[in-house]
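Open the model in your viewer and keep the selection tool handy. We will start at one residue and then zoom out.

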Amino acid sequence: MTEPADATDAGFLAIDLGPSRLTCGVVDERGDVVLRDRIATPSRNVWPALTQLVKRVLAAKPSDVTPIAVGLTCPGPIDHGTGSMKPVGMPTWHDFPLRRELSAITDLPVYIDTAGRGLARAELWRGEFAGVPFADQNFATLSVGDEVDGALVSGGRVLEGLTDNLGQFGHLVVEPDGAECVCGAAGCLAAYASVRAIEASTGRELRRTPPARIDNVGTMLARACASLAAMLDVSEIVIGGVVPEVLGPPMFDALAKEFEVRSCLPHLESVRVRGVSSRQVGPLIAAAAVALAQHSVDAVAPD
């Protein structure tokens with residue numbers, strides 16, 4: 001028996017909201033990006049620009065994929081009760097009712113989380129941990145892009161924390177009395193490894209980062225990874241985002257050297273630090289994974 005001609009597959013409207021760019025697309029139920037669009041984040045009137053982008057994507061979506069929910073990743077911290085966020089250095093978004101407004105223009109349920117936690121859910125959905133038993137899914141993530149964020153997965157669950165914001169690893173101190181972070185503290189990982197920190201220190205685009213600065217990024221990431229491994233007792237640390245993708249093997253070589261020096265505890269000998277490709281667990285897939293995880297929970301929750 002053949003399916004009706006108008007049959008469609010369920011999918012997700014995925015949005016990644018960052019300081020430098022706004023990305024929106026449609027991801028199908030297998031985790032494949034079937035439509036993608038993005039714009040530079042304007043300095044003013046960001047919400048109208050995002051609204052136009054979302055409407056453009058919805059108008060252009062493939063006829064054989066129907067979004068059933070919206071997944072959005074953005075800088076934290078996030079107020080999951082109100083569906084708003086208060087990202088450091090992005091006052092325009094403070095207390096803006098993002099979930100409510102997106103739901104109004106899409107007529108869909110909206111689920112919001114940070115990029116690092118989206119990366120964790122994408123790894124569980126599409127990455128190496130997808131086929132691993134829940135009991136063995138114990139890892140941390142670092143999403144290194146415009147912001148530096150992360151997550152912790154234990155026994156197959158993305159842990160939440162007191163305010164559902166566990167994973168702000170960009171504010172781990174990697175250089176005491178070091179460079180000032182946008183949060184106001186000194187020596188945070190984000191002050192060395194984020195796109196804006198790298199570009200501000202070099203005066204160049206990320207893809208033209210000098211070798212010495214690439215080594216520095218790898219070193220600072222290694223210090224953070226060593227701290228995470230010691231504190232969290234995980235089997236792997238998964239690193240994604242535009243920074244590792246652009247800086248590539250030289251950054252990971254520097255990371256490996258420093259991580260070996262910093263990880264001296266015997267039980268950390270087998271900890272693996274690895275990068276992931278954006279084609280497999282990129283930002284839109286991460287945003288869709290947030291919707292997939294939360295919408296599935298809502299669908300089975302009792303009234």
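Select S194 and show what surrounds it. Leaving out neighbours within four places in sequence, S194 is in contact with G145, D146, V148, L189 and V243. Keep in mind that this is a predicted model.

Now colour by secondary structure. S194 sits in the loop between two helices, α4 (190–193) and α5 (195–202).

Is S194 buried or exposed? S194 is buried, because its relative accessibility is 3% and the cut-off for buried is under 20%.

Look for its backbone oxygen: 2.8 Å away is a polar atom of the S194 side chain.

Now zoom out and select the whole protein chain. Count the elements as you turn the view: there are nine helices and twelve strands. The chain is as compact as a globular protein of its length, because its radius of gyration of 19 Å is close to the 19 Å that the globule rule gives for 303 residues.

Switch to the C-alpha trace. Along its principal axes, the trace spans about 60 × 45 × 35 Å.

Colour by burial next. Of the 303 residues in the chain, 48% are buried. Then display contacts. Among contacts with a separation of 6 or more, 62% join residues 24 or more positions apart.

Bring the surface back for the whole chain.

Technical notes:
Residues numbered from 1 in each chain as written. Predicted model: local features only at pLDDT ≥ 70, side-chain atom pairs only at ≥ 80, totals over all residues. Heavy atoms only, no water. Helix = DSSP H or I, 4+ residues; strand = E, 2+ residues; numbered from the N terminus. Buried < 20%, exposed > 50% of the residue type's maximum accessible area, 1.4 Å probe, protein only. Polar contact = N/O pair within 3.5 Å; in protein donor to acceptor, adjacent residues only side chain to side chain. Contact = heavy atoms within 4.5 Å. Rg over C-alpha atoms; globule rule 2.2 N^0.38 Å.
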